[in-house]
Amino acid sequence: MEKKLFIDPPSLLRWLPKEGRDNVLFLDLEADFLDDRTIRLDLNIVFRPIPIRRGKLQTKDYYVGSTGARITFDAFLGRVTNYTCGAPLKVDYEHTNTHSRKASVKIAPTIEVSDKLGTNIGEVTFDKNVERVFTSRFSGAEKILSDVNLGHAVEWEIKLPDGQAIRDYLFGNLYLFVESSWDAVAKKGRIEVRPSDLLFFDSDRRAIGDRRKALAMRFALWRQGIRLNPESLIINFREAE
């Protein structure tokens, strides 16, 4: 039997057009149904600083990026049973998680039209009995991944250690997994990904503290047609009836 999970709005990285990829933080996911009541989601949090080419005689790339993020998973009327626990992310950190999918699953974007579910486009199928390996890699300054279990929800925060003065943007993939069960018939929930500080960095990855230089960088982004969005990325999911 094949399961289907609806995603609303269709804001996963795999569905974004290339011209819509101007943010510094993205979300993608894979899904599995472990049994009739339990859904597993493997989240891919993508950190991608935006390069800004500056200078005429000496051309260099400057960047705007996020120094951390908060990720929230909420199972409506459900409970979290297992998830990625927090850990120190050392310099050149690498962590691998392997999962063998138990069900064939489709995820599909949805469009709300007049309070009714609209047409589905761009469905993605994940086949049963396929083993997936998720490897998180970060280079640069040390980071800390913290977590808190709220029962029906789990929150993660990735940030600099307390007392670390040198700011550094995140560049890489952070893979998290969460398993949640529902006694209710409707299996649905929400995922929110919010960048922390959006800062401008020079070519040596040092944060730019000068306000005038930061304004010049923002103007350069504006000339390139890039509009920074500091707001949260929120998607809702639900199992197809």
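Two strands are taken to pair if DSSP finds at least two bridges between them; strands (E, at least two residues) and helices (H or I, at least four) are DSSP runs, numbered from the N terminus. The structure is a predicted model, in which local features need pLDDT of at least 70, side-chain atom pairs count only at pLDDT 80 or more, and totals for chains, interfaces and linings use all residues. Residues are numbered from 1 along each chain as its sequence is written, and side-chain values use heavy atoms, with hydrogens and water left out.

In strand E19, Leu-199 is the bridge partner of Gly-65. Strand E5 (residues 60-66) and E19 run antiparallel and are joined by four bridges. Five bridges connect E4 with E5, also in the antiparallel sense, and Arg-54 stands opposite Lys-60 of E5.

Together, the three strands form an open antiparallel sheet in the order E4-E5-E19. Strands E4 (50-54) and E19 (198-201) lie at the edges, each pairing on one side only. On average, neighbouring strands are turned by 25 degrees against each other, direction ignored. Helix H1 (residues 211-223) packs on this sheet and touches E4, E5 and E19 (contact: heavy atoms within 4.5 Å). The direction of H1 makes about 100 degrees with that of E4; axes are lines fitted to C-alpha atoms, for helices over the stretch in contact, and angles run from 0 to 180 degrees between N-to-C directions.
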